[in-house]
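Visitor: I am new to this structure and would like a short tour. Could we begin with charged side chains?

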Amino acid sequence: MVPAEKESGLHRIVVVGGGAAGLQLVTQLGDKLGRKGKAHVTLVDRARTHIWKPLLHEVAAGSLDIGHHAVDYLHHAHEHHFRYRIGQMTGLDRAARTVQLAASHDAEGREVTPERAIHYDTLVMAVGSTTNDFGTPGVAEHAIALDTQAQAVRFHQRLVNAMLRAHTQTGPVRPGQLHVTVIGAGATGTELAAELHRTLRHVVGTGLDRIDPDKDLKITLVEAADRILPAVPHRLSAEVMALLTKIGVEVRVRARVTEVRADGVALADGAFIPSELVVWAAGVKAPPFLKDIGGLETTRTNQLVVTPTLQTTRDPDIFAIGDCAYLVEAGSDTPVPPRAQAAHQQASYLIKQIPAKMAGRPLTPFRYRDFGSLVSLGEYSTVGSLMGFIQGKNMFIAGLFARLMYRSLYKMHERALHGTLKTGLDAAARALTRRTEPRVKLH
């Protein structure tokens with residue numbers, strides 16, 4: 001292994017994971033501390049670009065071009081006074097205060113960066129979550145998750161290839177050939193089902209006239225609970241259910257998957273759903289490498305258990321935020337949910353608390369505030385429930401206002417990374433390019 005990088009006497013802040021929380025944190029710490037020479041700020045991630053995770057269902061459906069929205073880590077680090085180190089974290093030496101990174105390789109298998117270690121004084125784990133298949137047979141072999149950019153792009157390519165194959169084959173479209181089954185009716189699965197319903201028909205409309213969209217295309221959404229979107233208010237769930245039924249998405253609730261096969265999905269009640277493409281969006285867990293890493297306390301789903309200040313229970317110099325952190329606040333029986341708004345709030349909290357820790361001041365406890373839920377069904381509709389909007393009561397919203405609110409969440413994320421001016425310029429540029437490009441990505 002290459003020796004750990006040598007540093008000057010500045011405090012070394014290392015953030016592992018360049019998702020929404022991690023990238024926001026290093027960006028603002030770089031501007032606040034790195035630019036003024038008060039600390040070394042380093043981001044570690046195995047990918048080279050960042051995409052806001054709630055957009056991955058649009059990438060998978062082809063309604064969003066990842067090239068227009070991805071943030072290049074190396075360039076962004078240069079612009080915001082932090083350093084980017086590529087590599088998958090594989091280990092933690094708390095005694096030596098180092099993070100071990102695996103070697104990285106290019107598409108031809110050649111080594112790009114060697115195994116190495118990075119020193120830290122303050123470490124923040126922001127590695128997010130991965131799909132939890134609960135040990136269901138066939139998931140790894142025959143289903144695609146939507147945890148990463150690569151998975152979303154892979155699914156879209158398989159989708160387009162399946163439609164081209166069906167259009168050019170000598171025989172008719174077989175039953176189940178152009179069927180897509182989405183397992184898990186949380187926000188990701190529900191939004192993907194609606195988006196696919198629209199984009200599949202658009203792809204057919206580009207000239208694949210041997211495919212009959214009403215007869216050959218089918219989207220099935222499968223959920224083990226007794227309703228879709230089980231984590232949101234019942235009214236919101238019922239509204240989304242009605243919209244999906246109206247556009248023709250088949251929804252199966254109280255349906256437990258027992259096996260995913262090459263030709264479809266088997267259910268516990270003996271039913272079988274023929275399907276050429278299967279997406280697994282049911283359940284999340286923290287990455288497996290976190291399990292008992294460095295002797296830290298973890299949960300059965302590999303999350304790092306943290307105190308009210310987001311410090312790990314066995315090491316105050318190591319923080320965890322976002323989906324990989326497990327925090328039960330005082331007075332609550334349930335942990336802070338693995339949602340984008342929680343990750344954003346925790347990153348904003350640490351931007352203030354890490355300088356306080358460096359100065360030896362006590363940290364204030366983190367407080368999570370639930371602002372509600374928004375679910376986008378693409379061009380069909382957007383619905384949501386805002387928490388405590390008027391005099392402590394929830395407010396149900398739908399239509400244009402809900403869609404604007406949903407889009408504003410992404411704009412807030414972009415503003416945290418780029419500032420108001422660049423975010424506005426990027427939005428204007430995308431609006432112009434949309435007029436000259438296909439509405440759905442076809443490759």
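Visitor: Is Glu108 buried or exposed?
Guide: Glu108 is exposed, with a relative accessible area of 60%. Here buried means under 20% relative accessible area, exposed over 50%, and partly exposed in between, with a 1.4 Å probe and protein chains only. Please note that this is a predicted model, in which local features need pLDDT of at least 70, side-chain atom pairs count only at pLDDT 80 or more, and totals for chains, interfaces and linings use all residues. Residues are numbered from 1 along each chain as its sequence is written, and side-chain values use heavy atoms, with hydrogens and water left out.

Visitor: Which residue forms a salt bridge with Glu108?
Guide: Arg110 does, with the closest N and O atoms 3.5 Å apart. A salt bridge is a side-chain nitrogen of Lys or Arg within 4 Å of a carboxyl oxygen of Asp or Glu. Arg110 is exposed too, at 54% relative accessible area.

Visitor: How many salt bridges are there by this rule?
Guide: The count comes to 16. One of the pairs is Arg165 with Glu276, at 3.0 Å from N to O. This pair links distant parts of the chain, 111 residues apart: Arg165 is in helix H5 (residues 149–168), and Glu276 is in the loop between strand S18 (272–274) and strand S19 (277–280). Helices (H or I, at least four residues) and strands (E, at least two) are DSSP runs, numbered from the N terminus.

Visitor: And what about Lys411 and Glu414, how many residues apart are they?
Guide: They are 3 residues apart in helix H10 (residues 400–418), so about one helical turn separates them. Lys411 is partly exposed at 29%, whereas Glu414 is buried at 3%.

Visitor: Which residues are linked in a network of salt bridges?
Guide: The network links Arg12, Arg97, Asp121, Asp317 and Lys357.

Visitor: Changing topic: in what order do the 6 strands of the open sheet run?
Guide: The order is S5-S2-S1-S11-S23-S22, with mixed pairing. Strand S5 (83–86) and strand S22 (311–312) stand at the edges with a single partner strand each, so one side of each has no neighbour in the sheet. Two strands pair if DSSP finds at least two bridges between them.

Visitor: In which sense do S1 and S11 pair?
Guide: Strand S1 (residues 11–16) and strand S11 (residues 122–125) pair in the parallel sense, over 4 bridges. Ile13 stands opposite Thr122 in S11.
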